[in-house]
Amino acid sequence: FIAQGLAEELENRGYEVNFISKSNDEDKFNIDCDVDVIISLVNSYNIDKIKVKNNLVIKIAWILNWPEWWINKSYFESYDLVLCSNSRSLHYINENSGYEAQLLAVATNPEKFNPDVKSREEFECDYIFAGNDWHDEREISEILNPDEIPYKFKIYGKRWQNFENLEKYNMGHQLYEIMPEVYASTKIIIDDATDLTEVPSGVNGRIFDGLASGKLVITNGEIGAKELFGDKLPVYHDADSLK
């Protein structure tokens with residue numbers, strides 16, 4: 001959905017956009033001669049393997065997280081421009097490569113996420129978390145106990161049925177296209193930045209989506225929150241402050 005949002009904005013500005021699959025098919029390296037720019041969001045795409053008659057094609061890396069994984073690729077220096085979604089990645093790339101990276105945060109699409117979106121009864125609650133469980137790495141699974149909080153809670157995403165404290169609040173996975181209505185139906189959105197523990201200054205797209213929806217967002221990603229929002233975004237550090 002990040003790539004889709006970028007593509008839609010580029011199309012609004014007059015560009016024609018195509019997607020390249022990240023499958024193992026060798027066709028992903030066969031680039032049409034009329035392509036002017038390639039933007040890669042995944043470090044596994046070997047930019048050195050592309051086959052294109054236009055030798056002036058501009059190759060851009062947009063690093064959303066884990067800059068170490070990017071910089072260790074043998075083809076990393078083949079990019080013409082490096083963009084980073086957070087300051088930690090930006091500093092890492094600038095200090096450990098010959099690039100002067102530029103900051104491009106994930107942000108949001110205000111045409112989809114805005115205060116005018118109508119709520120839906122099945123989504124209505126006081127506070128939510130929307131995100132997947134990545135193999136017990138999320139802090140929220142350890143410090144949030146909705147049973148102790150006298151407000152209606154719902155959690156959206158994959159694998160939350162594996163946690164006793166969250167199972168009965170599990171609403172399952174929702175398509176990204178539905179999330180504007182999910183956010184419109186709550187008052188508070190919890191952000192858990194621990195899916196980006198290698199990038200403590202990373203700011204998840206759910207923060208931008210939630211704020212664009214006119215909702216209060218609380219986060220544990222203090223570094224990134226302060227860099228972008230100063231002291232305006234509430235931060236929690238443990239179970240007590242979250243509660």
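Reply: In this predicted model, the side chains of Arg120 and Glu122 meet in a salt bridge, with 2.5 Å from N to O. Arg120 is partly exposed, its relative accessible area being 26%. Glu122 also counts as partly exposed, at 40% relative accessibility.

Another pair is Lys243 and Glu148, whose side chains form a salt bridge with an N to O distance of 3.9 Å. Lys243 counts as exposed because its relative accessibility is 56%, and the cut-off for exposed is over 50%. Glu148, at 48%, counts as partly exposed.

Arg120 and Glu122 also belong to a network: salt bridges that share partners join Arg120, Glu122 and Glu181.

The structure holds 11 salt bridges. One of them links Arg88 with Glu68, and their closest N and O atoms are 2.6 Å apart. Arg88 is in helix H3 (residues 87-96) and Glu68 is in helix H2 (residues 67-71), so the pair connects parts that are 20 residues apart in sequence. Arg88 is partly exposed at 24% relative accessibility, whereas Glu68 is buried, with a relative accessible area of 18%. The cut-off between the two classes is 20%.

Conventions: Residues are numbered from 1 along each chain as its sequence is written. This is a predicted model: local features need pLDDT of at least 70, side-chain atom pairs count only at pLDDT 80 or more; totals for chains, interfaces and linings use all residues. Side-chain values use heavy atoms; hydrogens and water are left out. A salt bridge is a side-chain nitrogen of Lys or Arg within 4 Å of a carboxyl oxygen of Asp or Glu. Helices (H or I, at least four residues) and strands (E, at least two) are DSSP runs, numbered from the N terminus. Buried means under 20% relative accessible area, exposed over 50%, partly exposed in between (1.4 Å probe, protein chains only).
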